[in-house]
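Subject: The structure for you to look at

Hi,

Here's the structure I said I'd pass on. Have a look at it first, then read on for what turned up.

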Amino acid sequence: MKKIVTLGEILLRLSTVTGERLSQSSELSLHYGGAEANVAVSLANFGYNVYFVSKIPENPLGLAAERHLRSFGVRTDYVQKGGERIGTYYLESGVGERSAQVTYDRKHSSFSQIFIEDVALSEILEGAGLFHVSGITPALSENVRKLTLVALQKAKELGVKTSFDFNYRAKLWSQQEAGAAFAELLPYVDICSCGELDAIHFLNIDKVDHVLQKNEQLEYYYEKINEKYPNIKYLYSTFRNVISASHNRLQGNFYVNGQLYQSKEYDINPIVDRVGGGDAYSSGVLCGIIDNMTPQETVSFATAASALKHTVHGDSNLFSKAEIKGFIENDSGKIVR
């Protein structure tokens with residue numbers, strides 16, 4: 001199996017106890033995560049040879065982050081050491097009608113200070129079968145934005161399949177800044193995670209002007225995206241119906257060759273930890289593409305992977321291919337505990 005490469009920032013996550021606000025908390029639970037790191041862990045759990053490209057401080061927190069990756073089989077050969085701090089975020093856990101809230105503390109992090117000249121992209125991407133990055137990464141600094149673009153360009157030059165998840169974070173940059181960056185990146189993308197609002201707000205695609213079913217509306221936007229970027233071979237997203245912070249319904253969408261495939265809807269109740277659910281879905285889609293699953297098998301596998309992620313604490317999906325396939329075969333819309 002050719003290697004898989006992901007590029008991004010691994011984060012320290014500090015979470016409140018459910019039922020407490022961050023402002024009142026006297027204790028916080030610690031996990032490591034971040035979009036591309038979560039995808040790397042999931043794909044390593046699926047048995048692939050995964051490398052993570054990043055930069056961490058040479059201190060106990062950086063060491064713990066590296067150990068987190070290695071404990072799940074992610075290769076850290078290309079994780080640089082330097083800078084003074086690891087990116088951090090605080091999660092105020094949601095419950096009932098109260099949504100979870102994220103507070104970032106990641107400015108001037110080690111990863112935000114990584115530069116193109118310090119990254120041996122040709123060596124890193126040589127022999128790779130897939131390169132994955134998200135829209136969070138170029139939001140972190142101008143130099144990281146440039147690195148993201150050059151990495152995608154280099155991957156295409158070397159014949160490496162590329163994957164990009166919009167993953168917009170309003171607390172990191174504006175819609176205008178993100179839209180300009182995405183327009184630069186998308187010509188070099190083969191596999192893309194984005195939804196209807198992404199198409200409208202970042203790609204300037206006109207809203208549907210008549211009433212359509214939800215799936216027909218998504219097909220319209222995906223057709224328009226393909227018209228603008230015919231290089232994108234796969235598009236995917238989820239429909240999430242939020243009943244409460246601890247009860248969601250989830251359905252997966254996968255668009256390939258002009259056709260939309262959808263999974264069954266999962267009723268996830270209660271949710272143990274929603275963070276990383278999208279990364280688990282992305283990993284499932286990438287697994288389906290790598291393993292040449294049919295489009296229907298791919299979307300079913302990816303959605304089941306995401307549903308299972310909601311049942312464990314932490315950012316990372318800790319389930320193997322066999323466990324996810326077994327879950328699908330049980331044909332249960334509700335998660336059994």
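Which residue in E11 does Cys-192 stand opposite? Before you look, bear in mind that this is a predicted model. The residue facing Cys-192 is Leu-235.

If you want a spot to check on screen, find Thr-238, whose bridge partner in E12 is Gly-252. E11 and E12 make a hairpin, with two residues between them. In case strands are new to you: the strands of a sheet pair through backbone hydrogen bonds, and they can do so either parallel or antiparallel.

Now for another sheet. This one is open and has four strands, in the order E3-E2-E6-E7, with mixed pairing. E3 (29–33) and E7 (101–105) are the edge strands; each has a single partner strand, so one side of each has no neighbour in the sheet. From one strand to the next, the twist averages 25°. The partner of E7 is E6, residues 88–92, and the two pair in the antiparallel sense over five bridges. Here you can look for Tyr-90, which stands opposite Thr-103 in E7.

Is Ser-112 buried or exposed? Its relative accessible area is 8%, and buried means under 20%, so Ser-112 counts as buried. The side chain of Ser-112 reaches the backbone oxygen of Ser-109 at 2.7 Å. Leaving out residues up to four places away in sequence, Ser-112 touches Leu-140, Ser-141, Asn-143 and Val-144.

Last, a pair of helices. How do H8 (residues 277–290) and H9 (residues 295–309) cross? Their axes come within 7 Å, at an angle of roughly 150°. That makes H8 roughly antiparallel to H9, because angles over 145 degrees count that way. The crossing of H8 past H9 is right-handed. Among the H8 residues that meet H9 are Gly-277, Ala-280, Gly-284 and Gly-288. On the H9 side, the residues include Thr-298, Ala-302, Ala-305 and Lys-309.

Cheers

Methods:
Residues are numbered from 1 along each chain as its sequence is written. This is a predicted model: local features need pLDDT of at least 70, side-chain atom pairs count only at pLDDT 80 or more; totals for chains, interfaces and linings use all residues. Side-chain values use heavy atoms; hydrogens and water are left out. Two strands pair if DSSP finds at least two bridges between them. Axes are lines fitted to C-alpha atoms, for helices over the stretch in contact, and angles run from 0 to 180 degrees between N-to-C directions. Buried means under 20% relative accessible area, exposed over 50%, partly exposed in between (1.4 Å probe, protein chains only). A polar contact is a pair of N or O atoms within 3.5 Å; within protein, one must be able to donate a hydrogen and the other to accept it, and residues adjacent in sequence count only if both atoms are side-chain atoms. Contact means heavy atoms within 4.5 Å. Angles under 35 degrees count as roughly parallel, over 145 as roughly antiparallel, 65 to 115 as roughly perpendicular and the rest as oblique. A crossing is left-handed if the near helix is turned anticlockwise from the far one by less than a right angle, and right-handed if clockwise.
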